[in-house]
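Hi,

Here is the structure I promised to pass on.

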Amino acid sequence: MTSFDVAIVGGGLAGCSAALHARLKGASVILLERGRCGAQASGVNYGGVRQQGRHPAELPLACRSRRIWGRLAELVGSDCEFTATGHLKLARNDADMQSLLAYRDIARDHGIDLEILSAADLRSRYPYLAGGYSGASLCAADGQANPRLVAPAFARKAKELGAIVREQCELEQAEKVATGFRLSVKGETQAIKARRLINTAGAWGARIARWFSDDVDEQVMAPNMCVTEPVAPLIGPNLGICGGSIYLRQTQNGSVVFGAGLGIADAGCLRARPLADVSMDAARAAVAMVPQLTNVLVVRTWTGIEGRMPDGLPVVGKSPKTEGLFHAFGFSGHGFQLGPAVGAVLAELCLDGTSPTPIDGLSLARFDPVPSSAAASSI
């Protein structure tokens with residue numbers, strides 16, 4: 001088959017979820033991935049499943065995604081090590097506490113329950129934390145998962161249901177034609193045709209968008225990640241801090257994963273690597289948060305290439321200029337939790353024309369240049 005209802009470019013979590021949800025709606029689907037599904041941002045991130053602390057524009061997606069995370073085993077045949085350990089956001093001072101209190105009201109409007117904890121509460125419930133924090137906000141429904149498992153699980157299930165998932169398959173060009181889209185794959189003479197096109201190409205999403213005159217500035221980033229040797233169960237909730245300087249969790253096998261700062265990335269060469277001095281700073285920050293990690297060995301550091309938008313929010317939704325084209329890219333280091341719902345929404349937009357999940361604040365159109373007053377007055 002060379003003609004499909006939906007073609008998807010990019011096998012990250014959002015793309016693989018879109019493939020699965022489009023198949024569940026009965027569409028014929030092809031997914032093209034240059035490398036392996038989940039090999040870039042979706043597979044090399046921290047693994048936090050976090051609703052707390054998100055921009056209000058992302059919260060409807062985050063809430064829907066959390067519901068999907070809760071039924072992963074039913075949906076894709078594996079829970080991908082998802083555990084609702086909770087997410088604890090620590091306050092460094094009174095100003096941070098005020099921001100946590102204000103955010104609690106925002107979260108409540110979206111049905112997310114946050115518990116505000118005092119400094120005494122922290123000492124009592126989480127004695128492994130360093131002293132000096134003013135308090136915290138706990139989202140018990142949040143948690144963590146193994147990022148290396150999730151996108152491949154969605155891809156596997158989509159394939160099992162009949163989607164064509166092609167890895168090691170590089171898209172060279174795509175163009176709009178009368179019947180939809182014509183896609184040219186590197187090294188192949190026969191084009192692929194699709195009625196709808198979904199662009200989930202991650203850090204390369206803006207490049208594909210530009211083929212259709214959807215111009216937007218997307219940079220790359222490489223979150224610097226570290227993992228320790230396994231240690232006895234110590235840390236309960238997934239830990240973060242106001243200001244985002246360090247984030248930390250303990251996996252089911254006892255290893256402690258933490259991240260802080262950025263490595264370096266070259267999207268053109270498909271290369272990224274962590275930096276030793278950044279890893280050292282991250283380790284010091286982890287120990288400052290949980291002193292019992294002082295003599296625990298760091299066994300590996302890594303990073304990957306992620307897309308970053310100027311305002312730190314992803315692009316999700318219809319192309320402003322091309323009928324039948326849909327984008328989801330530029331997740332700016334926090335797309336892992338959103339991925340399952342983003343795929344579901346993309347499938348709905350493609351096949352139903354609308355989605356019950358509000359995504360208005362994430363449109364690519366928000367970056368359209370505003371006419372200057374001089375230009376406007378000359379019209």
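**Val 342 and the cores**

Setting aside neighbours within four places in sequence, Val 342 is in contact with Ala 14, Leu 61, Val 316, Ala 328 and Phe 331. Keep in mind that this is a predicted model.

Val 342 also turns up in the largest nonpolar core, which has 51 residues. Together with Ile 8, Val 29, Leu 61, Trp 69, Phe 154 and Ile 198, Val 342 touches the most other members of that core. Several elements supply at least two residues each: strand 1 (3-9), helix 1, strand 2 (29-32), helix 3 (59-69), helix 4 (72-76), helix 7, strand 22 (325-329) and helix 10 (339-352). Helix 10 gives the most, with eight residues. There is another core apart from this one, made of 27 residues, with Ala 136, Ile 241, Val 256 and Met 289 among them.

Now for a helix pair. Helix 1 (residues 13-24) packs with helix 7 (residues 147-160) at an angle of about 25°, and their axes are 8 Å apart. Angles under 35 degrees count as roughly parallel, so helix 1 is roughly parallel to helix 7. Their crossing is left-handed.

Who meets whom there? On the helix 1 side we have Leu 13, Cys 16, Ser 17, Ala 19, Leu 20, His 21 and Arg 23, and they meet Val 150, Ala 151, Phe 154, Ala 155, Lys 157 and Ala 158 in helix 7. By class, this contact of helix 1 with helix 7 has nine nonpolar, two polar and two charged residues.

Cheers

Key: Residues are numbered from 1 along each chain as its sequence is written. This is a predicted model: local features need pLDDT of at least 70, side-chain atom pairs count only at pLDDT 80 or more; totals for chains, interfaces and linings use all residues. Side-chain values use heavy atoms; hydrogens and water are left out. Axes are lines fitted to C-alpha atoms, for helices over the stretch in contact, and angles run from 0 to 180 degrees between N-to-C directions. Helices (H or I, at least four residues) and strands (E, at least two) are DSSP runs, numbered from the N terminus. Angles under 35 degrees count as roughly parallel, over 145 as roughly antiparallel, 65 to 115 as roughly perpendicular and the rest as oblique. A crossing is left-handed if the near helix is turned anticlockwise from the far one by less than a right angle, and right-handed if clockwise. Contact means heavy atoms within 4.5 Å. Ala, Val, Leu, Ile, Met, Phe, Trp, Tyr, Cys and Pro count as nonpolar, Asp, Glu, Lys and Arg as charged, and the others, Gly among them, as polar. A nonpolar core is a set of buried Ala, Val, Leu, Ile, Met, Phe, Trp, Tyr and Cys residues joined through side-chain atoms within 4.5 Å. Buried means under 20% relative accessible area, exposed over 50%, partly exposed in between (1.4 Å probe, protein chains only).
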